[in-house]
Every structure is written in C-alpha cells, then in structure tokens.
Amino acid sequence: MKLRGALCALLVACCAAPGCIQAVTLQVNEGNSTCIKAELSASFSVTYNTTSRSTRTVQFALPASATVDAVSSSCGAGGGLPWLVAVFGPGHALGLSFSSNGSVYSVANLTLQYNLSDASTFPDANSSDVVTVVSSSVGIWAAVNTTFRCMSPSAFSVGGATVTFSDMKLEAYMPGNDLSPAESVCTADTASTTAPSTTAAPVPTPPGTPEQGTYSVDNNGSVCLLAQMGLQFNISYVSKSQNKTVQHLVNLTPHLTNASGSCEASRATLVLTQEQATTLNFTFTLNSTTSKYHLSGLALLAIWPDMIAPFSASNASLDYLRSTLGRSYMCSAAQTLVVEPTFSLNTFRLQVQPFGLTTNQFATAEECQMDQDQMLIPIVVGAALAGLVLIVLIAYLIGRRRSHAGYQTI
C-alpha cells in the first residue's frame, strides 16, 4: 500500500509539470442543454524574448484543471458564433469558435492567450504582456450531428505559437447532451488505418455536359438573385479506395440541389447544397462607385463517400463574371473558374444576376468575351466568303471584257 501511494504521488507530481499532456473534458451549456463538448489533449509551443536579449521556446500543456470560462463561452445566442473558451493558469486561455452552413460545422477561429508574466512558464521574459494570437484557417470540420474525431496529433500554427491537439473528440451545434455516436474522422486517423489498395480502381467515365439548373434567392418574398447554369466540379482529393490523390469531374445535379443565400446592398451570396454532401458558395460583390459587380468568392465543401476526409477549398479574391448593375451576366460558352490548385469550377450556359432585379426575370444581358468571339466568327467567315466571291466576280468581268475586245472590227 505504501508503494502504491508513492507511485500515485509520483504520477501526480509528474502531471503537474508543464510538459505533461492530459485529456480534458470541456463543455458549454445553455440552460439544461449542451451545445459544445470537447474531449481532448492540447500542448503549446511558444517562442518569446528574454531579458538577455535572446529568444526561448517553451512547451506547456492544457492541464486537467482547465475550466470553461462562462463569460467568454457561449452557444451563439443572438446571431453570434458559438465559443468554447478554456482558461488555465495565471491568465492563459484556449478558444475555439464555430460556424455552420446547416450541413457542416467547422472551427472558424482558434485562439491562444498566454501571460508572459507567468514566470514559471516563461522564465526571464522581458515583457509582462498578455499576448493573444489567432488563426482562422484551421481545417477542423465535420458533418452536422456527428462528432469530429482525431486521435492523431494535429499541429496548428497560431501566430508565433503552435497548438497541438491529440486524442480529440468534439462536437458543436449538438442535438443532445452527449457526443453523437456517428463520427467524422480526420485525415490523419483514416490514413493510418487505411491499407494500400492492391487492385487497380476503374477509371471513372467522364460525366458529360452538366444539366442546366435554375436557382434563386428570395428577400422578403421577392427574388433578389437569379441564376441559370450547368455546373461541373474539377477536383483533386485523396481517394479512400485508391489511397492516392485522384482528379475527378463531377456534375452538380439540379433536381437534387437546394438553393439558399442572402442579398445585401453590396454583397450577395448563393449557397447550393446537394444532398448534404456538397455545398457550393458563391459570393458576389458590387462596387457602388462604378456600378459594376463581379463574382468575388467561391467556396466548396464536399463530403463524398470515397474521400478520406472532407474536402474544402475557397478563394475570396476572385474576379469573374463581371457585369453592370441592372444587367445580367451571360456566358453560353463553357468557361473554367479556377479557385485553388485542387479545385476549379466549370460553368455551362450560365446567366446570373445578383443585383438590381426588378422582376423575377433577367434584365438585359452583358455577354462574356467568349460568346462575343463566337458571334464574330461566322461574321468574319461570311465577310471573307463575300470578299472571295466579289474577287472572283471582278476577275470574271475583267476577263470577259478582254475577250470581247479581241473581236472588235477594225
């Protein structure tokens, strides 16, 4: 018994050290309901300046004594983002905020706050500031009503620090008070348990030209955004069956797709969701000074059966589909909108008007350059043929006149 007591005391002393990583359970409640729950281990690596004018890097862990900050944490009431904020030690905190599009939720922001005046964690620090660093590109997401699971260590760069999670299970927008039994598993866990395929997978058949769909967004009972287009994804992802990166063309099916979105004075969004597995988000921006609008952002979130992990790609600095306020943009020709190296969107027979709709129909269209070029081709060919015919006719008349001159009476 004495030996067991000594061992327990030793374990407690060891886990009190900064480097000991323990699993912590954290949850955010609203009334009797739980909206966020996390079971995880976390460690931190922070580089700071010392009084000797050098830098030092320290590692410390999220302790078992960490608690949820009731003031900063919330379930997102009033339209805000749900937040889980864990506080520990003298002024340290770890925060995760969440967002959702109705089918998928994700970590929108990962924040770390550390107090340099904590001499036990930051010895010889030349500052006593409380530093807060934020990352908005984390890559933690899961289908709604599923638990995100990632047992493998996952490191995230947050400002000048690194946050590493392991043994992680979490869920936001929870339907009940316990983690959902259905899980969305991270890439690292799936890759570690997926054996390489020993048989060649069949080459997928190209899907052909996609069907044109009609999509609209309503605002107070009237249509504020209207679009007609055939859409095709050109996407590269890690295949579960082939255990390698593959590139596929996949058509969006209009009758399986729901449209939603919003309309504001200078910003409009169109969100297309196909069977809770594919979400495509268009963002249009209007320049009120020039009265010109364009497609400024595209984002895709796909959870397909053959994917090792959910696929996400987005770009908020695009400049496609440019037109004038009060007119629609039209491009019947096929065009490719490049979003990221792993994702581009092919459009066919496209017409869209995100601003200035006065009826439920498109206004006069401004055509894309490709359509204008295609209209010029028959005109140029026709003009060339007409010119050729004219040249032949002139040559014929000149030849005939010369032949008549040879028979004149002398």
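Which residue stands opposite F148 in β12? In this predicted model, where local features need pLDDT of at least 70, side-chain atom pairs count only at pLDDT 80 or more, and totals for chains, interfaces and linings use all residues, the residue opposite F148 is L170. Residues are numbered from 1 along each chain as its sequence is written, and side-chain values use heavy atoms, with hydrogens and water left out.

Strands (E, at least two residues) are DSSP runs numbered from the N terminus, as are helices (H or I, at least four residues). Two strands are taken to pair if DSSP finds at least two bridges between them. By this criterion, strand β10 (residues 147-150) pairs with β12 in the antiparallel sense over three bridges.

Strand β12 (residues 161-172) also runs antiparallel to strand β2 (residues 33-49), to which it is joined by ten bridges. Here T164 in β12 has S43 opposite it. A further antiparallel pairing, over five bridges, links β12 to strand β11 (residues 154-158). In that pairing T162 of β12 is the residue opposite S157. The hairpin of β11 and β12 has two residues between the strands, and G159 takes a positive phi near 60 degrees in this hairpin.

Strand β2 is in turn joined by seven bridges to strand β1 (residues 24-30), and these two strands run antiparallel. Within this pair, K37 in β2 has Q27 opposite it. The hairpin of β1 and β2 likewise has two residues between the strands, and G31 takes a positive phi near 70 degrees there.
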